[in-house]
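Please read this briefing alongside the structure. It is meant for someone meeting the structure for the first time.

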Amino acid sequence: MIRLHQFAPAFGLPNASPFCMKVETYLRMAGLPFETVNDGNVLKAPKGKLPTIEDDGTLVADSSFIIEHLKQRHGDPLDAGLTPLQSAQATALQRLLEEDLYWAVAYTRWVLPAGWALTKPAFFGALPPPLRWLLPPLARRGMRSSLRGHGMGRHSAAEVMAIGCRDITAVAELLGTQDYMLGAAPTSIDASAYAFLANVLWAPVASPIQAHAAQRPNLLAYCQRMKARYYG
Ligand SMILES: N[C@@H](CCC(=O)N[C@@H](CS)C(=O)NCC(=O)O)C(=O)O
C-alpha cells in the first residue's frame, strides 16, 4: 500500500499544501490505492518538506519525483500518449504553478496580516500548548526567509499580487475552453493545476489573486470538474 505523508487537511480543502494535494489528486487520477498519514512531520522527510510517499519500502520525496516514481513502478495511465510538445507545455505550466504562483500565494497566507490571521489558527490551532504559541512565529519567520531567498519576498505586496494575477491569467488563457489543461482528456499536469487553482479559489484567504481567479469562469468550472471526477 502506498502511504502519502502530508499535512492535515485545512481550509476545507483536501490539503492546504498544494504539493500534497497534487500527489493525492494524482493517486486518485491514476486509480492507485493509498492511505494518508496526516502528521505533517517535516522532520522525518528526507528533504525537510512534504509530501513524501512510502511505496513498498521505497521512500520518495518531492511531488514531481513522486509522480515519476509512481509512473515507473505502477504504469503511466495518464501521460503515455503525450506528444513532445504537450510534455513541454506541461513542464512550463508546472513551473509557473509551482515555482512562481506558489510563492505569491504563500505570501498572501504567511505575510499579509489578513491572511496570517486565518493561516495561523488553521495550521497551528490543533497543536497542544506550548507548541501552539511557540511554533507560529518561528514558522512565519522561516517562510519569510524562504520568500526572500526565492526573491518573491523582496517585492512589494502590490508587485507580488500583480505577479500572481499574471500567472492566473496565463493559466486561464492556456485552459481556454478545454476540459483539461492539455485538451479533452486529463493528464498528470491536471493534478498540479487543480491543486494550485483550488488552493487559490477555495481557501478562505481573500486576496487580489483570488479575486482575479474568480473572474475567470473557466477556472472555476475546471476545478468543479476535477472535484466531481476525482473527489466526488
Ligand atoms: N518541490 C516540493 C515542494 C514541497 C513544499 O514546498 N512543501 C511545503 C508545504 S506546501 C513544506 O513542506 N514546507 C515545510 C517547510 O518548508 O518547512 C514538492 O514538489 O513536493
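Predicted model: local features only at pLDDT ≥ 70, side-chain atom pairs only at ≥ 80, totals over all residues.

Residues are numbered from 1 along each chain as its sequence is written, and side-chain values use heavy atoms, with hydrogens and water left out.

**Largest pocket**
- The largest pocket holds about 1500 Å³ of space, where a pocket is an open set of points, on a 1 Å grid over the protein atoms alone, with protein on both sides within 12 Å along at least five of seven lines, and a volume is the space filled by probe spheres set on points joined across faces, edges and corners.
- Its lining (residues with an atom within 4 Å of a point) has 44 residues, and Phe7, Val42, Leu50, Tyr102 and Trp110 lie nearest the centre.
- Helix α3 gives the most to this lining, with 10 residues, helices being DSSP runs of H or I of at least four residues, numbered from the N terminus.
- By class, this lining has 25 nonpolar, 11 polar and 8 charged residues, where Ala, Val, Leu, Ile, Met, Phe, Trp, Tyr, Cys and Pro count as nonpolar, Asp, Glu, Lys and Arg as charged, and the others, Gly among them, as polar.

**Second largest pocket**
- The second largest pocket holds about 380 Å³ of space, and of the 19 residues that line it, Glu68, Lys71, Thr91, Gln94 and Ser188 are the closest to its centre.
- The largest share of this lining, 6 residues, comes from α3, and by class the lining has 5 nonpolar, 7 polar and 7 charged residues.

**Cavities**
- A search of the whole structure finds 2 cavities of 30 Å³ or more, a cavity being a set of points where a 1.4 Å probe fits but cannot get out.
- The largest cavity has a volume of about 70 Å³, and the residues of its lining divide into 5 nonpolar, 4 polar and 1 charged.
- The second largest cavity, of about 30 Å³, is lined by Pro18, Tyr102, Val105, Phe196, Asn199 and Val200, and its lining has no charged residues.

**Glutamate 159**
- Glutamate 159 lies in helix α6, residues 157-175, and counts as partly exposed because its relative accessibility is 43%, between the limits for buried (under 20%) and exposed (over 50%), with a 1.4 Å probe and protein chains only.
- Glutamate 159 and alanine 104 are 55 residues apart in sequence, and their C-alpha atoms are 9.6 Å apart in space.

Definitions and conventions: Helix = DSSP H or I, 4+ residues; strand = E, 2+ residues; numbered from the N terminus.
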